[in-house]
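Here is a short tour of a structure for you to follow along in your viewer.

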Amino acid sequence: MQNYDIVVIGGGPAGLAAAAEAKKSGIDSILILERDHDLGGILNQCIHNGFGLHTFKEELTGPEYAQRFMDEVFDLKIEYKLNTMVMDITADKIVTAMNKTDGMFQIQAKAVILAMGCRERPRGALNIPGYRPAGIFSAGTAQRLVNIEGYMPGKEVVILGSGDIGLIMARRMTLEGAKVKVVAELMPYSGGLKRNIVQCLDDYGIPLKLSHTVVDIEGKERVTGITIAEVGPDMKPIPGTEEYYSCDTLLLSCGLLPENELSKTAGVELSPITSGPVVNDSLETNIEGIFACGNVLHVHDLVDFVSQEAANAGKNAAKYVKNGKTASTKEVKIKAACGVRYTVPCTIRPEEMDDTVTVRFRVGQVFKDSAITMYFGDEQVLKRKKQIMAPGEMEQVIIQKSKLADFPDISEITVKIETA
Amino acid sequence: MIYDVIIIGAGVSGCAAARELSRYQLNVCVLEREEDVCSGTSKANSAIIHAGFDAPAGSLMAKLNVEGNEMMDDLCRDLDIPFKRNGSLVVCIHKEELDGLKELYDRGVQNGVKDLKILSKEEVHKMEPNLSDNVEGALYAPTGGIICPFILNIAMAENANVNGVDFRFNTEVESLKRDDAGIWHIRTCTGEYLTKYVVNAAGVYADQFHNMVSENKIHITPRRGDYCLLDKEMGGHVSCTIFPQPTKFGKGVLVSPTVHGNLIVGPTAIDIEDKDSTATTAEGISSLIEKAGMNVKDLPVGRKVITSFAGLRAHEDHHEFIIEELKDAPGFIDCAGIESPGLSSSPAIGRMVKDILCERIKPVEKEDWIATRKGILNPTELSLEERNELIKKEPAYGQIICRCESVSEGEILDAIRRPLGARSLDGVKRRTRAGMGRCQAGFCSPRVMEILHNELGIPMEKITKSGGKSVIAPDLLKVQKGGEA
């Protein structure tokens, strides 16, 4: 069995940033395991621009953004293995992996950083009735076919779901000569970033139909048409509102699910809301020495936040390798309430925490002219007004260690949305 | 050339007959309108090997079900087919209907089903803790089982092929007639085939061919069944196959683990007109969820469904298998009305068709008949050392292509290269499970397309989901075509 201080599972934006930060924090023995044939993860197929505004103050494409982190990993001489699938992780941090040249091998790690990313919700999970012909793709699969393989999945397109990849693909398919007829969204609001709705739909005259879903897929061999209908407040289609679109392609952009099958093999506790691990302020899971970051932890909107979060996980994993388990100290629970769906982290250790800890979350519906509030125990310590908040965009609050120290007896911090 | 036997349809019945006939010195050919075996009714069903207590006593269905069930252990061992006797439970949720279980028990005993037992409320809840609290008792049939229906069908076809049976795919039969010399002329979309005997194993279409040659008409209704397949996380929710008490409409909605560890819920029973109409409906799927919930509790059917699908039962008006040579069409052997328990009965159906033909032809047995088939290697059954040995020899087994089901490139290559190998994404999926997991081929389909392209020389833009017009990515990007970028 080989030994490494830190094994990073996944060489996408999260894994790269975590590994780089761990190395800079003084850990030399680091190995990144990547299942695809390149580092960079899903960014490699995101050839549009708009990445890195927060981190680099410039607009990069996905591959360019990934390259900056890859270059850092190369400069830091961090080891990595490509085309390598991790098959199992134990709670004792034995990682079993496999590739063509090394066969199946095991590594004893001192710390493990989970950075496997997420997958798209498939058609089956949406229970869309109708036939099951060719021509139904998750938006990311279509994106890979177009941007990596160089093939067009179809000419006339209907898109269900207004997640960011779906919006980006509406524009991409249009630029490649396809006709995108409509984007239908089940919810009364979009699941994607506002800027993507403007730049990818509005600028190309593609209609977005909110509170609509697909009620039938036609075509026995290849898709020949899609019927959509309006849904009521109960999310059920309203009879009589059906609209038929002839098309050869249906793209699905109906949500992303963190890929935590491996985390489960190690016994990592998952949140039923995010489907990602439950972590404390150091992004450590319930299994000591196993950390999580990026979309495997919770689905992000901007990669910049992934990189920040991952760097934090890398730094904390390095700290764990150097100092070992911290004597168990007091933990304060962070409660998501009144429109806040979840928070990452879920708990905070007032004595162990960094000087500041960023708490990220998403809201459950669109809020206009409202405020994000935070309470230490019963006392309001923050009220920040926001004109608009939507489920498609991540929000955050920052907890200061010094301020929390003024509340030594509280057992709970609450984050809420309230009227402004 | 004049074949001795032509079988119409490469479903489970046709392929069972083909394998049985491959024991003899006969020229046998299977004509299939789709691009692969197992492309109709055989691919979309409950994947259950029924014990045999359901069919009316004395019926051919009852006889072949029990025989087929008994043949399954040897067949699955010989042909390397995933099969498990997990046992079946027919559960009763109304005290006043407990007598129905006894009736079913008696019928089962009459049909020759072994080891049946009626379980009390306490016994059955102890056995299956996730049964609904309303369950008052059950009939337990330990001989009930679960199988991979694809591999059952594919394995019999491969074995028949290795033993000399021809398969012609994309060959739809249009009409057939018998000439004065007693030779059958079968017109297909790809030309005419001649044969001395015809086996009509055409599933929901069997009535059309029957009615072309016989005055005694039969009528088959496609009876659609919708199913939901749940994530492997739910595979252990029940260990037996859970049936409600049967009604005149059929065996009802079952909940069962699959042999690969998922949980299956279904089917509905909806009579339709169109013989290709396998579209699911919202009503169908929601009724499943409701009905399954009456017998099994805590089914998170909404959240854990990874796919839903529908299959068609070939329901003949008299609800009985028709396996016989037609009196007014000598040389034409029907294998019609094969609905549930058709999959369970298939080995016995094949044997019966063989017996009918042997009686007529009196063929000579082959001395070099190959009785066994080795399936696609499942590397997860190997130890770490064995797996490393394998990867050293065949590095492709070290490259995972389908991450959800952990399917390696080696397995996919085997599926393409073996006899009657896969030629489409669905062909690969049914042989290896690549694309059958929780992401439903989202990640692996471009990679499987690439392997099919490299192995078979099919251009990427011509690779299909399941043959015909089911092309995945029909065009190159402008820039790839060298045109305007």
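Two strands pair if DSSP finds at least two bridges between them. Helices (H or I, at least four residues) and strands (E, at least two) are DSSP runs, numbered from the N terminus. This is a predicted model, in which local features need pLDDT of at least 70 and side-chain atom pairs count only at pLDDT 80 or more, while totals for chains, interfaces and linings use all residues. Residues are numbered from 1 along each chain as its sequence is written, chains are lettered from A and ligands numbered from 1 in the order in which they are written, and side-chain values use heavy atoms, leaving out hydrogens and water.

**A sheet in chain A**

Chain A holds an open sheet of five strands with parallel pairing, in the order E10-E18-E12-E13-E14. Strand E10 (136–138) and strand E14 (208–210) of chain A are at the edges with a single partner strand each, so one side of each has no neighbour in the sheet. E10(A) pairs with strand E18 (residues 249–252) of chain A in the parallel sense, over three bridges. In this pair, A:Ser138 is opposite A:Leu252. Helix H5 (residues 139–149) of chain A lies across E10 and E18 of chain A and runs at about 95° to E10(A); axes are lines fitted to C-alpha atoms, for helices over the stretch in contact (heavy atoms within 4.5 Å), and angles run from 0 to 180 degrees between N-to-C directions.

**Where the chains meet**

How many residues of chain B are in contact with chain A? There are 55, and they touch 49 residues of chain A. The table gathers some values for this interface.

| Item | Value |
|---|---|
| Area buried between chain B and chain A | about 4300 Å² |
| Share of that area from carbon and sulfur atoms | 56% |
| Salt bridges across the interface | six |
| Residue pairs in polar contact (both at pLDDT 80 or more) | 18 |

Buried area is the accessible area (1.4 Å probe) that two parts lose on being put together, summed over both. A salt bridge is a side-chain nitrogen of Lys or Arg within 4 Å of a carboxyl oxygen of Asp or Glu. A polar contact is a pair of N or O atoms within 3.5 Å; within protein, one must be able to donate a hydrogen and the other to accept it, and residues adjacent in sequence count only if both atoms are side-chain atoms.

A:Glu261 and B:Arg438 form a salt bridge through their side chains (3.4 Å, N to O). Strands also cross the boundary: two bridges join strand E11 (residues 151–152) of chain A to E23(B), and the two run antiparallel. There, A:Met152 is opposite B:Asp475.
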